[in-house]
Amino acid sequence: MMDSFWSWWIIILTSVFLVIQAWILFANRKTPRINQDPDDPTTGHEFDGIYELENEMPRWWFGLFVATFVFGIAYLIVYPGMGNYKGVFGWTQVGQLEERQQAADERYGAVLAEYMQYSVEELVDNERAQQTGSRLFANNCSVCHGSDARGNFGFPNLTDNDWLYGGEPADIVATLNNGRVAAMPGWSAALGEEGIDEVTQYLLAFTGRATNDDAVAAGEQKFGMFCAACHNADAKGNQMLGAPNLTDDIWLYGGSEGMIKHTLRSGRNGVMPKFGHSLSEEQIHLLAGYVYGLSKD
């Protein structure tokens with residue numbers, strides 16, 4: 001709820017605006033003729049052979065304006081639109097959302113609760129659960145991970161069994177409930193441009209793309225100093241920290257030389273929102289079963 005000042009500010013401003021609108025509407029309904037010649041239907045205005053006719057506003061048009069104006073007034077009386085005034089019926093968006101959520105819980109609660117007797121692993125083989133889970137995924141996850149769950153730039157592919165924070169059922173449930181926040185710092189100041197080039201060559205060497213053996217050797221040393229704490233000394237990642245495996249040629253932000261350098265220079269801070277507050281425990285359980293099954297196909 002807004003404070004009294006802004007509430008009255010909106011009420012007064014809206015009221016004044018409505019009065020001005022009404023005055024403009026009725027004041028212009030009929031105006032004195034510009035052209036006093038009864039045989040000349042034009043205003044006398046002409047441009048490039050086109051004349052402006054001097055006609056009054058059509059009644060049906062004026063009637064539509066009046067109807068729109070009356071509808072607006074009625075709307076502001078029935079629904080909240082004037083500061084803190086709640087309307088005749090006290091309708092609010094939050095109230096309507098809660099009412100519909102309660103209705104949905106009553107309708108689907110028993111169905112969703114039924115799935116809780118199955119483990120996440122068992123839900124993978126439950127066709128009905130997978131269909132419901134796919135709808136939950138489409139509504140909550142597909143915007144970032146794609147409708148086919150194969151990911152987008154910065155959003156991981158969920159079908160390839162390459163997990164940032166672990167792919168066991170408990171890991172997936174924790175990710176859905178609590179979200180994830182990546183925290184890879186930028187290393188431009190610490191490594192310098194030469195160090196960025198060397199570490200990049202070291203990472204490219206895992207997939208046979210390095211072009212400078214001396215830089216690979218130097219990059220390995222720097223990787224051990226600055227990167228191994230999160231990605232481990234063998235660069236195979238650490239799911240406890242969400243640090244990806246850098247040896248499998250699967251890149252969340254692109255694996256070209258340029259993109260790797262950009263990641264090293266600027267860092268990455270991807271965020272997955274938590275769904276524990278918007279989805280019920282049963283929905284999280286069912287969604288985890290669907291996501292877990294994606295990598296088992």
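User: Leaving aside neighbours within four places in sequence, with which residues is Cys 144 in contact?

Analyst: This is a predicted model. Cys 144 is found in helix H6, which covers residues 142-145. Once neighbours within four places in sequence are set aside, the residues in contact with Cys 144 are Gly 151, Asn 152 and Phe 155.

User: Is Cys 144 buried, partly exposed or exposed?

Analyst: Buried means under 20% relative accessible area and exposed means over 50%, with partly exposed in between. The relative accessible area of Cys 144 is 29%, so this residue is partly exposed.

User: Which residues does the UniProt annotation "binding site" cover together with Cys 144, and what is the largest C-alpha distance?

Analyst: According to the unreviewed UniProt entry, the annotation "binding site" covers Cys 141, Cys 144, His 145 and Met 272. These residues are spread over 132 residues of sequence, yet they cluster in space. The largest C-alpha distance is 10.5 Å.

User: Where is Met 272 found, and which residues is it in contact with, leaving aside neighbours within four places in sequence?

Analyst: Met 272 is found in strand E4, residues 271-272. Its relative accessibility is 23%, and Met 272 therefore counts as partly exposed. Leaving aside neighbours within four places in sequence, Met 272 is in contact with Thr 175, Leu 176, Gly 179 and Arg 180.

User: At which other residues does UniProt place the feature "binding site", and what is their largest C-alpha distance?

Analyst: The unreviewed UniProt entry also places this feature at Met 184, Cys 227, Cys 230 and His 231. Although these residues are spread over 48 residues of sequence, they cluster in space. Their largest C-alpha distance is 10.4 Å.

User: Why does His 231 count as buried, while Cys 230 is partly exposed?

Analyst: Cys 230 is found in helix H10, residues 228-231, and His 231 lies in helix H10 as well. Buried means under 20% relative accessible area. Cys 230 is partly exposed because its relative accessible area is 38%. His 231 counts as buried because its relative accessibility is 11%.

User: Which residues does His 231 touch, not counting residues up to four places away in sequence?

Analyst: For Cys 230, the residues touched under this condition are Gly 237, Asn 238, Leu 241 and Ala 243. For His 231, they are Phe 223, Lys 236, Gly 237, Ala 243, Pro 244 and Leu 246.

User: What separates the C-alpha atoms of Lys 296 and Asp 160?

Analyst: Lys 296 is found in the segment after helix H12 (281-294). With a relative accessible area of 45%, Lys 296 is partly exposed. Lys 296 and Asp 160 are 136 residues apart along the chain, and the separation of their C-alpha atoms is 8.6 Å.

User: Why is the protein more spread out than a compact globule, and what box do its C-alpha atoms fill?

Analyst: The secondary structure of the protein comes to 12 helices and 4 strands. For 297 residues the globule rule gives 19 Å, whereas the radius of gyration is 32 Å, so the protein is more spread out than a compact globule. Along the principal axes, the C-alpha atoms fill a box of roughly 95 × 60 × 40 Å.

User: What share of the residues of the protein count as buried?

Analyst: The accessible surface of the protein comes to about 19200 Å², and 57% of this surface belongs to carbon and sulfur atoms. A residue is buried when its relative accessible area is under 20%. Of the 297 residues, the share that count as buried is 31%.

How values were computed:
Residues are numbered from 1 along each chain as its sequence is written. This is a predicted model: local features need pLDDT of at least 70, side-chain atom pairs count only at pLDDT 80 or more; totals for chains, interfaces and linings use all residues. Side-chain values use heavy atoms; hydrogens and water are left out. UniProt positions are given in the numbering used here, feature names are shortened, and annotations may be inferred rather than shown by experiment. Helices (H or I, at least four residues) and strands (E, at least two) are DSSP runs, numbered from the N terminus. Buried means under 20% relative accessible area, exposed over 50%, partly exposed in between (1.4 Å probe, protein chains only). Contact means heavy atoms within 4.5 Å. The radius of gyration is taken over C-alpha atoms; the globule rule is 2.2 Å times the number of residues to the power 0.38. Accessible areas come from the Shrake-Rupley method with a 1.4 Å probe; for residues, only the protein chains shown count as cover.
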